[in-house]
Every structure is written in C-alpha cells, then in structure tokens.
Amino acid sequence: MRYLVIDIGGSFIKYALMDEAYYVMMTDQLSTPKEGRDELVEALGKLYDRFAGEIDGMAIAAPGIIDSRKGYFYTGGALRYNEGFAMKEALLKRCPTKIHIENDGKCAAMAEAELGCLSDVENGVVLVLGTMIGGGIIKDGKLYKGSHFSAGEVSFICTAGTEKPDSGNIWGNRCGGVSLVKRVAEKKKLPCEALDGKQVFLLAGDGDKEALECLDEYTRELAIQIFNLQNILDPERFAIGGGISGQPLLMEYIRKNLDEIYSEFTYIVRRAEVVTCQYLNVSNLLGALVCYLKEEQETAH
C-alpha cells in the first residue's frame with residue numbers, strides 16, 4: 001500500500017510517497033499558500049490529483065491545535081487562516097480518499113517514539129525548532145494530547161516573568177529556529193534575509209564572536225525551558241528536532257547551558273538526557289504516517 005504523506009509548514013509544504021514500511025519512494029516540496037484556506041486545500045488537491053491512482057490515503061502533519069479524529073483546526077499555528085477550520089471535511093470533498101491530520105509536533109513525537117530515539121523510553125518529549133517550536137509528549141509509551149488537544153503547545157510558554165504573554169515574549173517566537181538567525185542578523189546590523197541557519201553555524205564554527213554570543217544566549221533560553229519542562233513532566237529523554245538540530249554545535253551549547261543551570265541550582269532535581277531527533281527534518285512526515293496507520297488499526301478493531 002502507498003500513501004501521500006504531507007507536512008504543511010509555515011513556508012513550505014513537504015510531501016512524500018511512502019509505503020506502510022515507511023519506505024520513501026519520492027519526496028519534494030512546494031511553497032505554502034499565503035492567501036487562505038481555499039488556496040491551501042486546492043494546493044493539496046493538486047497533489048492528490050497527481051498521485052490519485054497510486055495511493056490508498058493521505059497522512060497530513062500541520063501546525064495548530066487539531067482534533068485529529070475530526071480533522072478540525074481550533075488554531076492554525078503559523079497559518080492563522082486555518083483557525084476554526086474543518087479541514088478534513090473540506091479536503092474530502094476535493095480528495096475522495098482516506099485522510100488523517102495531526103499536529104506536526106505530535107507527529108514528530110510519534111515518529112521518534114515508534115521508529116527513532118524515543119522508542120526505548122516510556123516518557124519523552126520532542127521539541128522541534130522551526131518557525132516557532134513544535135512539541136510532542138510521549139507519556140507511558142503513548143502520545144499525550146491533553147484535554148483540549150493542546151498538550152505540547154510549548155510555543156505559548158511565556159518567558160517574561162510578570163509580563164502578560166504577547167507575541168514578543170512567548171517561547172516559540174523567542175527560540176524558534178528562525179529566532180537564532182534574527183539575533184545574529186541584528187547583532188551584525190544585517191537584514192534578516194542576508195543570513196540563514198547554515199550560515200549562522202558556519203560563522204559560529206569559525207569562531208565568530210557575535211555568532212557565538214547569540215548562540216550562547218539562544219541556547220541558554222532553550223535550556224531554561226527544558227529545565228522547567230523536566231520538572232513538570234519528568235521525562236527520561238528530550239529529543240531536539242527541526243532544521244538546525246543537526247548542527248553539533250547547537251547540542252553542545254544546549255548541554256553546556258544545562259550543565260551550568262543544574263550546577264548552579266541549590267536543590268536536587270532530576271535531569272533527563274537531551275539528544276538530537278533521529279529523523280531530523282523528516283520526522284513530521286514519518287510521524288504523520290505513523291498516526292495514520294495507528295488510526296487505521298484502531299478503527300479496524
């Protein structure tokens with residue numbers, strides 16, 4: 001059996017043709033429509049048209065708080081036009097096939113829990129450093145969604161002490177992968193579009209003082225919230241994903257800052273292992289198919 005697997009991101013839609021053993025037969029991407037939900041549905045519809053004769057269903061990862069059973073978006077994450085949208089219902093009219101939709105952070109967590117670096121633990125957390133920060137929680141070996149499908153929405157953690165949460169002080173905007181690039185660009189008085197994540201780490205790897213200062217500050221903020229999440233959830237392992245997570249220097253600095261936080265803290269608290277996601281940029285795609293196949297198994301029984 002073959003499936004069209006889709007990862008809807010704030011900038012790009014990644015898609016792949018995969019089988020039930022998670023073998024990737026092809027993969028590509030296209031720009032995410034900015035206009036609205038109708039354009040998004042049509043873009044996904046055109047992908048369906050291309051593969052309709054080959055597939056048995058569509059598995060989709062997307063940002064937002066999502067009721068995966070209904071395919072209903074309470075929020076749209078970076079794609080605000082998806083708020084209050086019954087996407088599955090709209091897609092079924094355009095794409096007559098089986099469809100499953102799940103939050104992208106939860107998909108990443110399921111990929112790692114089923115196939116990757118969390119497969120040998122009962123309790124783990126995945127943090128995906130993208131446009132904002134995707135999150136997924138594995139509790140007692142299962143995906144934990146919470147009472148309102150919003151467990152793992154770590155982007156909305158307020159980082160500002162007594163200030164009210166706003167777009168400038170929530171963790172997703174402070175520490176998404178894009179934030180590191182912005183910090184370095186501002187420090188160097190460059191337009192943000194003049195740099196990307198790869199260039200930032202090339203600078204840091206060459207010992208650039210400003211890039212290293214920004215990286216240290218950025219990973220310090222990441223480490224503080226990892227410390228907080230550890231004391232709330234008590235996982236065995238944190239897995240860091242997203243485009244920049246494959247950079248060894250990122251993990252080195254996260255661990256360095258965690259070492260400092262724990263050594264300076266006067267109370268005895270537990271500490272989880274922090275690793276890089278095994279599947280990095282493809283975890284959302286793999287996890288979307290994991291979620292699709294698990295729902296198929298559940299409904300079959």
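1. The term stands for a side-chain nitrogen of Lys or Arg within 4 Å of a carboxyl oxygen of Asp or Glu. Across the interface of domain 1 and domain 2 the rule finds one salt bridge.

2. Some housekeeping before you go further: this is a predicted model, in which local features need pLDDT of at least 70 and side-chain atom pairs count only at pLDDT 80 or more, while totals for chains, interfaces and linings use all residues. Residues are numbered from 1 along each chain as its sequence is written, and side-chain values use heavy atoms, with hydrogens and water left out.

3. Now the domains, with bounds from an automatic or database domain assignment. Domain 1 covers 1–103 + 285–298, and domain 2 covers 116–274. Their centres, taken over C-alpha atoms, are separated by 26 Å. Eight residues from domain 1 and seven residues from domain 2 take part in the contact (heavy atoms within 4.5 Å).

4. How much area is buried between domain 1 and domain 2? The figure is about 660 Å², with carbon and sulfur atoms giving 56% of it; buried area here is the accessible area (1.4 Å probe) that two parts lose on being put together, summed over both. Ile65, Glu102 and Asn103 supply 46% of the area that domain 1 buries against domain 2, more than any other three residues.

5. Next, a strand to look at in your viewer: β10 (residues 133–139), where six of the seven residues are buried, that is, under 20% relative accessible area (1.4 Å probe, protein chains only). Strands are DSSP runs of E with at least two residues, and helices are runs of H or I with at least four, numbered from the N terminus.

6. With β9 (residues 124–129) the pairing is antiparallel over six bridges, and glycine 124 stands opposite isoleucine 138. Three residues lie between β9 and β10 in their hairpin. Three bridges also join β10 to the antiparallel β11 (residues 142–144); in that hairpin's turn, aspartate 140 has a positive phi of about 55 degrees.

7. Finally, helix α5 (residues 177–187) has buried residues including Leu180, Val181 and Val184. The buried residues of α5 pack against β9, α4 (171–175), α6 (197–205) and α7 (209–233). Just after α5, lysine 189 takes a positive phi of about 60 degrees.

Terms used
Buried means under 20% relative accessible area, exposed over 50%, partly exposed in between (1.4 Å probe, protein chains only). Two strands pair if DSSP finds at least two bridges between them.
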